[in-house]
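Visitor: I am new to this structure. Could you show me how to read it, feature by feature?

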Amino acid sequence: MTNRMRTNLDDIDMRKNGLTAAEVAESRAKHGENILTPPTRVSLWRLYLDKYNDPIIKILLVAAAVSLGLAFVEGNFAETAGIFLAVFLATTVGFYFERDAARKFDVLTAIGEEQPVKAVREDTVCEIARRDVVVGDVIIIETGDEVPADGILFEATDLQMDESALTGEPMAYKNTEAGEDNAAYPANVVLRSTMVMGGSGRMTVTAVGDNTEIGHVAGRSTEMTAVKTPLNTQLDKLASLISKVGTGVALSALVIFLTHDILTNPLWHTSDYIGMTGVVLKYFMMAVTLIVMAVPEGLPMAVTLALALNMRRMLKSNNLVRKLHACETMGAVTVICTDKTGTLTQNKMQVAEMVQSANDETAPDLSLAIAGNTTAELNGGRGIGNPTEIALLLWLDGNGEDYTSLRKNINIIERLPFSTERKYMATLCDIGGTRWLFVKGAPEIVMSRCAMTDEKRTEMTTRLTAFQNKAMRTLAFACKKTTMMDVENMTLQGIAAISDPLRHEVPDAVRRCGDAGISVKIVTGDTAATAVEIARQIGIVARNNDDNPINEREIITGQEFAALSDEEAYGRTEEIKVMSRARPTDKMRLVDLLQKRGEVVAVTGDGTNDSPALNHAHVGLSLGSGTAVAKNASDMTLLDDSFDSIVKAVQWGRSLYRNIQRFVFFQLIVNITALLLVLGGSLVGTELPLTIPQMLWVNLIMDTLAAMALASLPPESDVMDERPRSRDAFIISRPMGRAIIIVGVLFFAVMLTMLYYFEVVAGVSPEELTVFFTVFVMLQWWNLFNAKAWGTCESAFRGFKKDKGLLLVLAIVLAGQWIIVTFGGEMFRTVPLSPATWLAIMAATSPVMIVGELARMTNKRKISCKCL
């Protein structure tokens, strides 16, 4: 034991009845709160300067520096100032949104400090937030709990700890004995952030916050904030492709423009090397700008915005996203493997019927057996602990029995906690000098170890079947006078039917999953009859009648599934709809086989035993009421435990993907139009149709605003009418690719016609160049309406009032363009336009939106006709 631990023990009163309110306040003032100080953050200036490490920004800075040198010679700093301004805005916007995303992660991480902990204070069991634990507190730990602080055990029953967070040791056995003095962590010491894998115990807290072992050794563990998601991989491929194309176009434009200038400009036949350098720099800057335009800088920002907004909105709909990829992967889910209790049902257990059957008159009352063989507590009518045990204690309370008084007459000798492998819990007690073994658990397991007549066994089995056919959970109770843990030849004390009502929203949520092409499978530890009845009620399997009998291949038990060969199980997984009496290994095997079939699998779970399947699934969904181990293994937490929240998460995920597609559609049309336009300019003259500041405004500023607008669009219910997308599908579908090319080429044709008219027919004036620039921007402005409606046949104005982000961005872009045109002057090569000219430009470019609306209206009618 370390000297630090010894010092702490000298100052702690090892009382078992807990602290008083005054002692809690005194301990907190002396030892501090139970919060780990986060690691030193990187300074804001360093985070901001990191934005300048982007390769494109570096290229721009080099070009700006060369331009600045030339500006000193020529005395014209307008273009240089425009480039520096664009660079500053691009880096600042990226910095702001990264900081905003970091703040959201901090909020989500802080929620963990409010995790409830079971404590004893003033001789009463209560729940407190983890951050409120103080030195001297008595904490109750059970299977699945994360230890909230360092402490010394004074009670331990079959306690097994996962200390890998500190020592790398996956399993350590704990008891109340100190053990060897030179051990790093003695057997009676439990440490913060370690997990209870089995058993139970009570501890006195010896250190909190930074004074814990993990506080000294490792500091705060941080949530992963930079997940390389499937969507990010697709976007990286897209960016790489566009960058290569952009580089080729840029080099081609540089050669064409420079060659044209050399052949036609008399400057190259003089000794004006400064002028020649200026021309080369001008076209070099153009090439760099084309590369910048080809690289979709807005895409990472659009993804970041969409993820951040989705995480915040999903939190409001009771989905706490722990890992970024869960947001997008939920949209591709094809199979949901859900637990029954708490997710499909309300998890409000109540004893519907209790059948007592003990023939041994010397055996203790069933009420005494329940009080002794449970670890749950009641506090002001609210249960703390296992829901089934809480229901039993409430049953005792309803029958006038005080379980706390009963427990005072029981001296616990040994306890064997419930496990999914044993399927029962056993407690060896001393009652008035006589030792009794109490067992409760799955009826088929407990009754198989009881001595009874065939008639009695048949009677009880019939009653159990009737209960289970009503979707009730059943328990059997048995006892035996013995001095050891001998669970054979026991006496059956009784059976209980415990009901857990179905959540009212589940049948509709399951129906919506079916409409969305998502298969729902129930994987539960309950009996087959209970699981099948719930499956009938929510519409997963058909009701069993002569006209529509149950397909037996849809129903299987964990034992039957384990007996199948890998080949047989692989062929059966698609048909299975209900798996009962499933063990952790069964659930994990089902998930693995479904994934091998190409399914994208989401799994729900609340117990420590569910963690392997949660970890293996594409998306692990833990329950808010679940154990810390399950939450640690999951990607998302359902705060309300409801299956309906899973359906909402799928809708959010699909809407997220659609919103990103919308931005890709908008961004690439801008890029294609601009690239073709600059190249097309070489056919009619060497004057750049758009200046560098103008192109940077379009690319870096307008695209950023478009990312904000499209990423903020709310989820749409019609995404649940579509089939799940392939997880490997490219972000640009064929219809989308065709639309991008067609619209981009049409925009280019319009702009090239204008350019030809200005250059060849009418002659170029500052006003005409300003009109040209404004028409280009307004084409994209109107196309933002089409991007908003992309992927649907609905009008872009549907729900327009709710799209506040889009309305704001449309106003900002329009106002920004007016400011640039009116006050941009030499920097942006613009002159003010009259109101009549503005109205003419708006009217002339509005067909972009009008034609889009007509196309969507036509498609909607075609779909309606097909449906008819």
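Guide: We will go through confidence, then a sheet, then the cavities.

Guide: This is a predicted model, in which local features need pLDDT of at least 70 and side-chain atom pairs count only at pLDDT 80 or more, while totals for chains, interfaces and linings use all residues. Residues are numbered from 1 along each chain as its sequence is written, and side-chain values use heavy atoms, with hydrogens and water left out.

Visitor: What pLDDT does the protein chain average?

Guide: pLDDT is the predictor's confidence in each residue, from 0 to 100. Here the protein chain averages 81, and 81% of the residues score at least 70. Over residues 218–228 the pLDDT is below 50, yet this stretch has 19 contacts (heavy atoms within 4.5 Å) beyond near neighbours in sequence.

Visitor: In what order do the strands of the open sheet stand?

Guide: Helices (H or I, at least four residues) and strands (E, at least two) are DSSP runs, numbered from the N terminus, and two strands pair if DSSP finds at least two bridges between them. In this model 8 strands form an open sheet with mixed pairing, in the order β8-β23-β22-β21-β9-β18-β20-β19. β8 (319–321) and β19 (555–557) each have a single partner strand, so one side of each is left without a neighbour in the sheet. From one strand to the next, the twist averages 20°.

Visitor: Which helix packs on the sheet?

Guide: Angles run from 0 to 180 degrees between N-to-C directions, with axes fitted to C-alpha atoms, for helices over the stretch in contact. Helix α20 (residues 584–596) packs on the sheet, touching β9, β18, β20 and β21, and its direction makes about 165° with that of β21.

Visitor: How many cavities of 30 Å³ or more are there?

Guide: On a 1 Å grid over the protein atoms alone, a cavity is a set of points where a 1.4 Å probe fits but cannot get out, and lining residues have an atom within 4 Å of a point. Grid points are joined across faces, edges and corners, and a volume is the space filled by probe spheres set on the points. The count comes to 2. The largest cavity holds about 40 Å³ of space, and its lining includes R662, E716 and K788.

Notes:
1 Å grid on protein atoms, 1.4 Å probe; cavity = no way out; pocket = protein on both sides within 12 Å on 5 of 7 lines; lining within 4 Å.
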